[in-house]
Amino acid sequence: MQDSSSERSPLFQPIQVGALRLPHRIVMAPMTRCRAGAGNVPTELMARYYEQRASAGLILSEATQVTPEGQGYAGTPGIHSDEQVRGWSRVTRAVHDAGGRIFLQLWHVGRISHPCFQPGGARPVAPSAITPSGHTYTPEGPQPFVEPRALKTEEVPRVAAQYAEGARRAREAGFDGVEIHAANGYLIEQFLLDGTNQRQDRYGGPIENRARFLLEVTEAVLGVWSAERVGVRLSPRGKFNDMSDSNREATFSHAVRCLDRYGLAYLHLLDPLPDCPFDNPDVQRLAPHLRPLFHGPVIINGNFDAEAAKAALARGEADLVAFGIPFLANPDLPERLRRRAPLNSPDRSTFYGGNERGYTDYPALAQAQP
C-alpha cells in the first residue's frame, strides 16, 4: 500500500524551477558513468539509461566536456561536435517521450587531465602551473598528473566562449537547460580557490578576481540560454582533486552573492553529509550559511537518504535534493521513496565503464500488491 504520509512530504510537492514546473523535488544528480562511444558520442545505451530515470523531477546529465581540451577521463561524452549533438538528441528525445526533463552539465576538467587526452598530446590547461597530487586513469592505466600549462590572460575569454558553444549545442540537442559545472576541483573551481590560483592578473589574487572566470562563463552561457534555463553547481567544502582555499566561507559567499544577481534557475550545492566520498570533515557544512544568499531555488546533494532529504527541506536548507548512487541503482527512485519500498543495492564494480550490466539492468519496483 502507498503511504499517504509520503504525499504530504515536502519531497513530493511540486515546485517551479526556472522555466520548468517540476512534479516533485527529487533530482537525479550528475554522475559520470564512462560509457560514451567512439568520438565521445552518447550511445543508444545511454539513451536507455536516462529514459529509465525520466521520473526524476529533473535529470542533471553526467558531466560533458565542452571542448577536447576539457576531457580528463576515458568514455566521457562531449558536446563539441555534430556527432555528439546527434547522440545527445537521442537521449533527450527518449527522456522527453517518457515525460521527463533533462539539463546538460557543461564541463572542463582543466588540470585534472593528461596529455593522452589532449589534442596533440599537449599539457592540460589551468589557471596556474600547479600539479595536482595523485594519479589519473588513462587508457594505458594509472598515470601521475602532469604540470598543467597556465592559461595566458588573453586565452581565458576563449575558454569561456567554449562553454557558450557547448550551451548552444546543448540547445540544438534538445535539452531543457544547462548546468555550469563549477565544482569538484575542475577548471572553474581551480580559478575560484586560492590553493590552485596563484595568478597575478585580473583573474587572480583577491576573490573578486578569482571569481571572474566563473562569472564570465555564466554570462557567456546566458548569451545562449535565458537565465531561467541555467543552473550552476558549486562544492563549497570540496577537497576532491587536491583542492584547498584559505577562507572557503568568504570565497563561496562572494561567489553565491554574485550568481544571485543573474536570476538563475537554481544553485546546486554539493555539501555532503558525513561518510560521503566528497565529504570534507575539516570544514563545517556551508549550505546553511549560503542558502540565504541566493534567492532562487537551491538543490542540495551529498549522501542524502529520504529522511535526511526531508529534514534538509524542512530546515529550509534547500528546495530540492539531488540523489546520486540511489538513482544509479534504482531507475524508479521517486516511486520507491514514495512507497517507502526497499532499494536495490548498487554494484560499485560497474560504476565506470562497461556495458548494460550495472547500468540499465537494475530492476524497477514490482507492481504494488492490492
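Is E317 buried or exposed? Keep that question in mind as you read these notes; point 5 returns to it.

1. **What you are looking at.** This is a predicted model, in which local features need pLDDT of at least 70 and side-chain atom pairs count only at pLDDT 80 or more, while totals for chains, interfaces and linings use all residues. Residues are numbered from 1 along each chain as its sequence is written, and side-chain values use heavy atoms, with hydrogens and water left out.

2. **The cavity.** Rolling a probe the size of a water molecule over the atoms shows where empty space is left. On a 1 Å grid over the protein atoms alone, a cavity is a set of points where a 1.4 Å probe fits but cannot get out, and lining residues have an atom within 4 Å of a point. Grid points are joined across faces, edges and corners, and a volume is the space filled by probe spheres set on the points.

3. **The pocket.** A pocket, unlike a cavity, is an open set of points, with protein on both sides within 12 Å along at least five of seven lines. The largest pocket holds about 1,100 Å³ of space. Of the 42 residues that line the largest pocket, M31, T32, F240, F278 and Y352 lie nearest its centre. Two or more lining residues come from each of β5 (102–107), β7 (135–138), β14 (320–323) and α11 (325–329). The largest share, four residues, belongs to β7. Helices (H or I, at least four residues) and strands (E, at least two) are DSSP runs, numbered from the N terminus. By class, the pocket lining has 26 nonpolar, twelve polar and four charged residues.

4. Side chains of opposite charge can pair when their charged atoms come close. A salt bridge is a side-chain nitrogen of Lys or Arg within 4 Å of a carboxyl oxygen of Asp or Glu, and by this rule the count comes to 24. E172 pairs with R168, with the closest N and O atoms 3.5 Å apart. Both sit in helix α4 (residues 156–172), four residues apart, about one turn of the helix. E172 is partly exposed at 47% relative accessibility, and R168 is partly exposed at 32%. These two also belong to a network of salt bridges with D82, E165 and R169. In helix α12, E335 and R339 are separated by about one helical turn because they are four residues apart. Their side chains meet in a salt bridge (2.5 Å, N to O).

5. **A salt bridge between distant parts.** Now back to E317, whose salt bridge with R285 has its closest N and O atoms 2.7 Å apart. This pair links distant parts of the chain, 32 residues apart: E317 is in the loop between α10 (306–314) and β14, and R285 is in the loop between β12 (266–270) and α9 (287–290). As for the opening question, E317 counts as buried because its relative accessibility is 5%. R285 is partly exposed, at 24%. The cut-offs are under 20% relative accessible area for buried, over 50% for exposed, and partly exposed in between (1.4 Å probe, protein chains only).

6. **Two positive phi angles.** Phi of C34 is near 55 degrees, a positive value in a residue other than glycine. C34 is found in the loop between β3 (26–28) and α2 (44–52) and is buried, at 17% relative accessibility. D242, which is not a glycine either, has a positive phi of about 65 degrees. D242 lies in the loop between β11 (230–234) and α8 (248–260) and is partly exposed, at 36%.

Terms used: Nonpolar A, V, L, I, M, F, W, Y, C, P; charged D, E, K, R; others polar.
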